[in-house]
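Good morning, colleagues. Please have the sequence and the model open while I speak.

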Amino acid sequence: MDDRTYTADATPDETVTVAGWVHEIRDLGGIAFLILRDKTGRIQIKFEKEEMDDELVETGLDAPRESVVSVTGAVEEEPRAPTGVEVTPDSVEVLSAADTELPLDPTGKVEAELPTRLDNRTLDLRREAGQAIFEIRSEMQRAAREAFRAVDATEINTPKIVATGTEGGTELFPITYFGREAFMNQSPQLFKQLVAGSNVERVFEIGPIFRAEEHNTPRHLNEATSIDFEGAFCDHHEAMDVCESVVVAAYEGVAENCTEELGALDLAEDFSVPETPFPRLTYEEAIERINATGALDEQLVWGDDLPTEGEKALGDDVGGHYFITDWPADIKPFYIMDHDDDETLSTGFDLMHPRMELVSGGQREHRREQLIEGFEAQGLDPEAFEYYTKIFRYGMPPHAGWAIGGERLLMTMLELDNIREAVLFPRDRQRLSP
Ligand code: ATP
Ligand code: MG
């Protein structure tokens, strides 16, 4: 609609056409108001029943809530109206009438359960808080892209249908690909490495990953968005530097450009950009600190994976984002390099938010022989990865990288209880549509 004006841009003494949803009708008798809502906010449309054409009044006031209407009329100043202006309509057109019964209340006055909201996501996103989360998600990705460009990384897109998994045989979704077995990709890991080994050198991708997680948890999805980085001639320290800069840029972008959205989520006052540098604890220091909190019944010993309660206790103790470095080689994937002087220690790292893991990364094994040994040690057949390992025969630079779970970044940033709040149409054990 060429001549449409956003409600937020309607200025007094102009005649405008505004279009949007019927948020509410307030009928006071001789006078009634239609509150029209669009992307930018709401505006009051005034109906003076005695003075206006009956048909016009009926069309406006009989439109069920959430119907889509277009209104043309003069804008006037009105201090008592929510936005300080109101429109006196010359014409009202109902573009799409809504049913009188709605599955949920987009004004947010009546709260709905998460499954109902997800089943009716469109209506859910008409709530201010729902819209705000996804405006912020968009800004978070924009700011991350800009931060990647600032460190010379090139945005890439890698295949999501693949012949082999990377994180072991579990957690894979098999599919049929012209009569052959194929899988949905768990991670762009091998592909981003293959591109980092070219002149492109530094790459990033924001794309879907698929994991057949067996359990529903508040922080796992079966389809998630991975924000990936891989850089040639980077070691794990530089990779952590880039990771920190991207996370901070995402927060800064949101702090600068999403004040209204943060307000809609009641975060305007509490929102802060994390302080840098993020502490870098070794795995050994991490387990010692967890043990010292006394949060676990059994003390952790070197080689244990960190249990969720341990992560939480450490998070409370540290109080902000922090890295855990120097993990035992055995609990990190085969493609991560071990320390030269101690093969039991890996260069792998995780970035933690006090509530959960956000990132895993590390320096990669670029020496072909060691890489193949790693495949075997992890019970994977190197032959199946020939497309990948062969490239390591043709000059593979040292390189490092990481992956942020996009929804986890958003859910921790916005203090969302459930990761499903951070995805438009979540995929979990029960949910396959919409
Ligand atoms: P976790 O141990 O928390 O299940 P992970 O170590 O298996 O995660 P990685 O393979 O390290 O996950 O993936 C990198 C990042 O991607 C994780 O740190 C996390 O932020 C995100 N991620 C991984 N799996 C999921 C998932 N199922 N749902 C949402 N985000 C995920
Ligand atoms: Mg991990």
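This is a predicted model: local features need pLDDT of at least 70, side-chain atom pairs count only at pLDDT 80 or more; totals for chains, interfaces and linings use all residues.

Residues are numbered from 1 along each chain as its sequence is written, chains are lettered from A and ligands numbered from 1 in the order in which they are written, and side-chain values use heavy atoms, with hydrogens and water left out.

I begin with the annotation. An unreviewed UniProt entry places a "binding site" at positions including E213, H220, E357 and R408; such annotations may be inferred rather than shown by experiment, and the positions are in the numbering used here.

E213 lies in the loop between β10 (202-210) and β11 (223-232), and H220 is placed in the loop between β10 and β11. Helices (H or I, at least four residues) and strands (E, at least two) are DSSP runs, numbered from the N terminus.

Is E213 buried or exposed? E213 counts as buried because its relative accessibility is 19%, buried being under 20% relative accessible area, exposed over 50%, and partly exposed in between, with a 1.4 Å probe and protein chains only.

Beyond four places in sequence, E213 is in contact (heavy atoms within 4.5 Å) with E171, H220, L221, N222 and R429. With neighbours up to four places away likewise excluded, H220 touches E213, R408, I419 and R420.

Next, the metal. E357 (OE) and S360 (OG) coordinate the magnesium ion, ligand 2, at 2.2 to 2.3 Å. Donors are N, O and S atoms within 2.8 Å of the metal (3.2 Å for Na, K and Ca), and sites may look incomplete, as water is not among the atoms. E357 is partly exposed at 24% relative accessible area; for S360, also partly exposed, the value is 30%.

Helix α4 (residues 128-150) has 23 residues and spans 33 Å from first to last C-alpha, close to the expected 33 Å, which is 1.5 Å times one less than the number of residues. Just after α4, D152 takes a positive phi of about 70 degrees.

Finally, the sheet. Three strands form an open sheet in the order β7-β9-β8, with antiparallel pairing. Because β7 (161-162) and β8 (173-177) each have a single partner strand, one side of each lacks a neighbour in the sheet. Pairing requires at least two DSSP bridges; β7 and β9 (residues 180-184) are joined by 2. V162 stands opposite F183 in β9.
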